[in-house]
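Please look at the sequence and the model first, then read on.

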Amino acid sequence: MSRVGRRPLSRAWRQMGEDMWLQAVAVSTLTVALAIMGAYLTLCLNLDTAASRLLTGPTLLVVLSPTAGAERGRELALEMSKLPGVASTRYVGKEEALVRFKRQLGPQASLLDDLEVNPLPDGVELVLMPGVTARPELSAHIKEQVGVSEVVSGRPWLKRLERALAAGGDLAVALGILLFLGVVLVASNTVRLAVHVRRRELELMALVGASPSYMRLPYLVEAVLQGLMAAILASLLLWGLFNLLAAPAALPLGLRLVELLAFPPFLPLALAGLAVLAGVLGGFLGVGRSLRPREMV
């Protein structure tokens with residue numbers, strides 16, 4: 001690092017060391033703001049992943065009659081995989097279906113322990129190709145096959161879910177921008193507070209002819225350093241909270257709380273990037289009017 005580059009950094013470190021209470025206020029405020037931003041990003045990401053899994057799940061569930069048997073189920077899965085528009089098929093036995101059901105119930109899975117007979121039927125899961133709709137003719141054709149008891153389509157509510165996600169995506173982006181602007185304003189206000197506290201020192205520097213960039217640059221560096229510290233603390237805070245709150249509780253639509261509160265590995269880097277950007281923008285906003293030499297002298 002050049003000597004020119006070290007000066008603002010060393011001055012920023014010196015300023016931060018002189019006002020520890022101010023740093024505590026600034027970093028703690030930014031930590032809370034970034035933690036809210038990180039929690040929002042985490043929920044959006046995990047919800048999007050869960051919704052994608054739902055949307056790419058089985059389009060049709062072919063319920064087999066009790067007398068069909070596993071061999072007939074596998075034959076049907078092979079036959080239906082050759083139908084136009086079908087991406088894949090999979091035979092699901094009643095034992096596997098019961099295991100899945102217990103997993104979805106989570107802590108309430110013990111309610112099924114007293115069952116003497118597995119009430120779930122054998123079935124075949126059928127996934128259509130992207131853009132292909134489950135036409136009534138397809139369901140009617142499958143239902144005519146030997147061994148098929150019923151054909152259940154999940155596409156109508158999946159379509160509604162897809163439309164809701166598309167509308168919610170725009171809203172999520174708008175809310176994300178608002179949250180980021182809030183972080184920028186917090187960074188800007190902390191810089192303004194620092195300028196106010198050191199105003200007498202800055203007035204003296206202006207009187208001896210210090211340039212605006214000489215006075216402003218350490219505040220920008222200080223805002224970035226505060227943002228990085230806050231990003232580290234916010235990441236640790238979120239990691240602890242998610243581990244504390246996450247439980248294997250089952251939610252509607254097959255969602256699980258532990259999946260929604262999973263800590264994304266890239267979140268610390270994302271928060272650090274946002275903190276640096278917010279620190280630079282907030283620093284410019286914070287020192288824009290506060291460090292004008294003519295106004296100070």
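## The chain as a whole

The structure is a predicted model. The protein chain holds 11 helices and 4 strands. Of its 297 residues, 38% count as buried. The protein chain exposes about 16,900 Å², and carbon and sulfur atoms supply 66% of that area. Among contacts in the protein chain with a separation of 6 or more, 82% are between residues 24 or more positions apart.

## The sheet

The 4 strands form an open sheet in the order S2-S3-S1-S4, and the pairing is antiparallel. Strands S2 and S4 (148–153) stand at the edges with a single partner strand each, so one side of each has no neighbour in the sheet. On average, neighbouring strands of this sheet are turned by 20° against each other, direction ignored.

Strand S3 has pairings with two strands listed here, S1 and S2. The table gives the bridges for each pairing, with examples of residues that stand opposite each other.

| Strand paired with S3 | Bridges | Opposite residues, including |
|---|---|---|
| S1 (residues 60–64) | 4 bridges, antiparallel | Leu 60 with Leu 126; Val 62 with Val 124 |

How many of the residues of strand S3 (residues 123–128) are buried? The count is 6 of the 6, so strand S3 is largely enclosed by the rest of the structure. In a regular strand, side chains alternate between the two faces of the sheet. In S3, Gly 123, Glu 125 and Val 127 point one way. Val 124, Leu 126 and Leu 128 point the other way, and the residues of both sets are buried.

Which residues of H5 are buried? They are Leu 138, Ser 139 and Ile 142. These residues cover an arc of only 95° around the axis, which means that they lie on the same side of H5. An α-helix has 3.6 residues a turn, so residues three or four places apart point the same way. The buried residues of H5 pack against S1, H3, S3 and S4. Pro 136 and Glu 137, on the other side of H5, are exposed.

## Two residues in other helices

Thr 31 is placed in helix H2 (residues 20–55). Is Thr 31 buried or exposed? Its relative accessibility is 8%, so Thr 31 counts as buried, the limit being under 20%. Leaving aside residues up to four places away in sequence, Thr 31 touches Ala 230, Leu 233 and Ala 234.

Gly 240 lies in helix H8 (residues 212–245). Gly 240 has a relative accessible area of 32% and is therefore partly exposed, as this class lies between the 20% and 50% limits. From C-alpha to C-alpha, Gly 240 and Phe 263 are 9.5 Å apart in space, while in sequence they are 23 residues apart.

How values were computed: Residues numbered from 1 in each chain as written. Predicted model: local features only at pLDDT ≥ 70, side-chain atom pairs only at ≥ 80, totals over all residues. Heavy atoms only, no water. Buried < 20%, exposed > 50% of the residue type's maximum accessible area, 1.4 Å probe, protein only. Contact = heavy atoms within 4.5 Å. Pairing = 2+ DSSP bridges. Axes fitted to C-alpha atoms, helices over the stretch in contact; angles between N-to-C directions. Arc of directions from axis to C-beta. Areas by Shrake-Rupley, 256 points an atom, 1.4 Å probe, with all protein chains shown as cover.
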